Amino acid sequence: MALEEFYHATPIQIRFNDVDGFGHVNNTIIQEYFDIGRVHYLREAFGGELWKNDKVVLIVSIKTDFFKQTLPDDQVRVLTRVYHLGGKSLRMLQWLVKEGDAEPTATCDSVMAGYDQANQSGMLIPDDWRRAFDRMEKGRLIPGTAL
C-alpha cells in the first residue's frame, strides 16, 4: 500500500489536551483522529448526509496498529479508503501520516456493516451507496473483491 492509493485526506489539528504525560499524542486520541477521517469520508461520499432514512453503517470490528509517535508539533492527516465492498459490509483502511512522510505513524482497518435502524436489523449496502464508494475510490472498487 502506498500514499497514492488513497484519494481522501482529512487534515487533523493536534490540540493541547491530545498530548499525554509522555509528551506524545495518546493512542486513544489517535483513534479519535481515525473517527474524524471516517466521518469526513462518509459525508463526502453521501453528499453531506451521514445517514439517510434510518440507514447507517456501524463499526463492527476495528484493528489499530501504532508504528511511530505522533508529537504535538507534527502536521498530520488521516488518509481513508474503502478497499472491499461485500453484500452487507465494507472494509475501510486508514493511515495517520505526518506531513512529508511516506509511511504511516498508525493504521486502522475496520469492518463496517449496513444497519436499518427502523427495523433494528442488518441490511444490504444500497446500490446508491455502492456507487458513492466506487466514485470515492475512482472506479477501483470492485464489489465483493479486496483491492
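**Salt bridges and a buried threonine**

At 4% relative accessibility, Arg38 counts as buried, because buried means under 20% relative accessible area. In this predicted model, the side chain of Arg38 meets that of Asp35 in a salt bridge, with 2.6 Å from N to O. Asp35, at 32% relative accessibility, counts as partly exposed. Because Arg38 and Asp35 are three residues apart in helix H1, about one helical turn separates them.

Side chains of opposite charge can pair when their charged atoms come close. The structure holds eleven salt bridges, and another of them joins Arg81 to Glu5, whose closest N and O atoms are 3.8 Å apart. This pair links distant parts of the chain, since Arg81 belongs to strand S3 (residues 76-85) while Glu5 sits in the segment before S1, 76 residues apart. Arg81 is buried, at 2% relative accessibility, whereas Glu5 is partly exposed, with a relative accessible area of 28%.

A further salt bridge is formed by Arg15 and Glu32, with the closest N and O atoms 3.8 Å apart. Arg15 lies in the loop between S1 and helix H1 (27-45) and Glu32 lies in helix H1, so the pair ties together parts that are 17 residues apart in sequence. Arg15 is partly exposed at 40% relative accessibility, and Glu32 is partly exposed at 37%.

Strand S1 (residues 8-12) contains Thr10, which is buried, with a relative accessible area of 3%. Leaving aside residues up to four places away in sequence, Thr10 touches Ile36, Gly37, His40, Arg77 and Val78.

Technical notes. Residues are numbered from 1 along each chain as its sequence is written. This is a predicted model: local features need pLDDT of at least 70, side-chain atom pairs count only at pLDDT 80 or more; totals for chains, interfaces and linings use all residues. Side-chain values use heavy atoms; hydrogens and water are left out. Helices (H or I, at least four residues) and strands (E, at least two) are DSSP runs, numbered from the N terminus. Buried means under 20% relative accessible area, exposed over 50%, partly exposed in between (1.4 Å probe, protein chains only). Contact means heavy atoms within 4.5 Å. A salt bridge is a side-chain nitrogen of Lys or Arg within 4 Å of a carboxyl oxygen of Asp or Glu.
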